[in-house]
Amino acid sequence: MSLINRDAQVIWHPYTQMKNHLPHVPIVRGEGVYLFDEKGKKYIDAVSSWWVNIHGHAHPHIAAKVAEQLNTLEHVIFAGFTHEPAVRLAERLLPLLPGVQKKVFYSDNGSTAVEVALKMCLQYWVNTTKEPRTKIIAFKDAYHGDTFGAMSVSGRSIFTEPFSPLLFDVEFVELPNAQNIEQLKSKINYLSNEVACFIFEPMVLGAGGMLMYEAIYLDQLIETCQKHGILTIADEVMTGFGRTGKYFSTEALQTEPDIFCLSKGLTGGTMPLGVTTCNSKIFNAFLSDDKLKTLYHGHSFTANPVACAAALASLDILLQPETLQNIKRIESRHQVFSESIIGHPKLKNVRQNGTILVMEWQTEGDTSYLNGLRDRLYLYFLERGIILRPLGNILYILPPYVISDEDLAYIYQNILTALEEI
Ligand SMILES: *Cc1c(COP(=O)(O)O)cnc(C)c1O
């Protein structure tokens, strides 16, 4: 039996209607920006395998470090025990983050990093006041993950619909701009004493449709929060590790968030690992002789040494000058191409932040995730050996930083023909 048929017998895929889905491509090997299927067909991974892969597939440096760690210590319980890769990774990560981040709390993925951040904030208020705050502010089109807490602070959509009665109440606000910023600030001022925290994706909202907004307005929202003691969480799960042209998207801010959530690119896309960092204000609120003030949270694989080794190896590569040069090169190639398609009659909007280039297709009627245009675009590029997975009518390129100019040109060329043919 072929892999596709065996898969169909036993596998339930994520975000997939299993009754009438497109065929799953059987991938046997990866190298750099390329993935190879069973028949040897080559695909350019232009979405970095769900935004996680930053240095290319099967990177030899990461592979070597992971193998070395596997042969030394594969895992150890992280309560009551510690190990070099976890400590070293925290030592290297904290100074890289904007502001003064003091501690790293490990978990398994982006959603759990968000859960930990929310629990830190909510318990901060339990630990420090008699009347704890429980309200959370988030963006209307935010995406923070698929577990219940992360889902609750994500925008309501078809993904969250079946669970909506069980999601906790969140104050959703529009993305800030020149027109509405004063109104948003008034809203925060009005709610001030009830709000525990404000969680946001800095400058680019990923799964919500690669929506973008400006740092100056986020600064004003954070400043308003800080005036009322409202804690701020920067969810850099997608934007972190160079994606927006800087190591972290929040480097564009003047203000300092209290908490950061990291995952996806953290291990270079090799292994699952989540990180929640916080400043001393948060950490100190949990220091007490009262056991009730402890953060009682942990996962079986917390700070897995192999995942930490992958993250350390990925950082080695990220911090090489060549990587930043690659990021800048992609950024400028994107810019030149976007200038050539801005105003195209089939496109509603073209936007870019760092290595992310977004083309919003004109549609009639339904522009949601269920739009048939999405599948037509997806298949068009797949046939041509390019993996692009539009979010509804929103086509975007989000490549590993090692992508060559030739491969970028090939993708752009196919987008131009798609604009004619679809
Ligand atoms: C993907 C994503 C998450 C969730 O991460 P998972 O590892 O898929 O659980 C959270 N926040 C943002 C901004 C994301 O893009």
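Modeller: β13 and β14 make a hairpin with two residues between them. Gly354, in the turn, has a positive phi of about 60°. Mind that this is a predicted model: local features need pLDDT of at least 70, side-chain atom pairs count only at pLDDT 80 or more, and totals for chains, interfaces and linings use all residues. Residues are numbered from 1 along each chain as its sequence is written, and side-chain values use heavy atoms, without hydrogens and water.

Colleague: How are helices and strands assigned?

Modeller: They are DSSP runs, numbered from the N terminus: helices are H or I with at least four residues, strands are E with at least two.

Colleague: In which sense do β13 and β14 pair, and over how many bridges?

Modeller: Antiparallel, over six bridges. Pairing takes at least two DSSP bridges between the strands. Gln352 has Leu357 of β14 as its bridge partner.

Colleague: And β14 with β16?

Modeller: Also antiparallel, over four bridges. Met359 is bridged to Leu395 in β16.

Colleague: Is β14 mostly covered or open?

Modeller: Mostly covered. Six of its six residues are buried, meaning under 20% relative accessible area with a 1.4 Å probe, protein chains only. Ile356, Val358 and Glu360 are on one side, and Leu357, Met359 and Trp361 on the other.

Colleague: New topic. Which residues of α8 are buried?

Modeller: Among them are Tyr217, Leu218, Asp219 and Cys225.

Colleague: What covers them?

Modeller: The cover includes β5, α7, β7 and β10.

Colleague: What comes just after α8?

Modeller: Gly229, with a positive phi of about 75°.

Note on methods
Buried means under 20% relative accessible area, exposed over 50%, partly exposed in between (1.4 Å probe, protein chains only). Contact means heavy atoms within 4.5 Å.
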